[in-house]
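Subject: Structure for you to look at

Dear colleague,

I am passing on a structure that I would like you to open beside this message. Please look at it first, and then read my notes on what was found.

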Amino acid sequence: MYPASPEVANLFHAHVGDPEARTESTWDSPSGRVYSWRWSLGRSQAAFYAPVVRKKATFLRWSLLAPVLRLVADRRTPDELYDTGAISAAAYRIARVLEAAETPVSTGDIRREADFPAGRESGAAYHKALAELDDRLLITSEFMDDEGQKHHGLIYLRHRNDIEAADAMPADEAMILLLRAYLPAASYIVPAVLARHLRLDKPLLDSALEGLCSSGEVMPVEMPGQKGAAYAWTEALGQPPKRQ
């Protein structure tokens, strides 16, 4: 979490915090201003930008990149994925372009070099192929200029240290790191929902929560109208954690 100015906090509350707020298509609106954050935050490299939560664009703080890669990403190479039929030939063409590049490649250059010519049908095919890579957290989305074009690179080339850390990290450790970062800022979590939205292994999540409950960092809570188990960060409830 990052501290926000009063202006940003009010904007966030007025739009994102209101479930009845309508999305507007104009730039000079809460929707438009929130949408523009991906460029301002992306250019400053404030966080990693990827489809994490419900496969939707999410800003992820850098210290969580390795744990999330360990838990969510498909860390096989594009060659392995293509050879096993996990990605299409179109997605593989994009991956080959990114692999050959020394720096992130703009959308226009990717389309040209990966043989996605201008046109609506070709554009749809490009975005579908790109999503195959993006949803597996195989590529980066970077905002490097003021022209409004995203640039992409292969994550194992752009963030090799995080990939290596993810490969060396036990899954249970990665889950604990994720929960310790997320839970203090959350009102509560429902494991089944969190696992579905973040594509987490449910038994692994349950085991991590059990361990955090044993250490006193997390406690089960009852939420009116909420079916199933729910958990909250103990200190967020105003109770000190148990010391063992």
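Before the helix pair below, one definition is needed: an axis is a line fitted to C-alpha atoms, for helices over the stretch in contact, and the angle between N-to-C directions runs from 0 to 180 degrees. Please also keep in mind that this is a predicted model.

The pair in question is helix α3 (residues 65–72) and helix α9 (residues 160–168), whose axes come within 8 Å and cross at roughly 55 degrees. That angle makes α3 oblique to α9, since angles from 65 to 115 degrees would count as roughly perpendicular and those under 35 as roughly parallel. The crossing of these two helices is right-handed. On the α3 side the contact is made by L65, A66, L69 and R70, while α9 contributes D162, I163, A165 and A166. Sorted by class, the contact holds 6 nonpolar and 2 charged residues, with no polar ones.

Turning to the whole protein, the secondary structure comes to 12 helices and 7 strands, and buried residues make up 41% of its 244 residues. The protein exposes about 14,300 Å², of which carbon and sulfur atoms supply 51%.

Leaving aside residues up to four places away in sequence, S122 touches R111, F116 and P117.

Key. Residues are numbered from 1 along each chain as its sequence is written. This is a predicted model: local features need pLDDT of at least 70, side-chain atom pairs count only at pLDDT 80 or more; totals for chains, interfaces and linings use all residues. Side-chain values use heavy atoms; hydrogens and water are left out. Helices (H or I, at least four residues) and strands (E, at least two) are DSSP runs, numbered from the N terminus. Angles under 35 degrees count as roughly parallel, over 145 as roughly antiparallel, 65 to 115 as roughly perpendicular and the rest as oblique. A crossing is left-handed if the near helix is turned anticlockwise from the far one by less than a right angle, and right-handed if clockwise. Contact means heavy atoms within 4.5 Å. Ala, Val, Leu, Ile, Met, Phe, Trp, Tyr, Cys and Pro count as nonpolar, Asp, Glu, Lys and Arg as charged, and the others, Gly among them, as polar. Buried means under 20% relative accessible area, exposed over 50%, partly exposed in between (1.4 Å probe, protein chains only). Accessible areas come from the Shrake-Rupley method with a 1.4 Å probe; for residues, only the protein chains shown count as cover.
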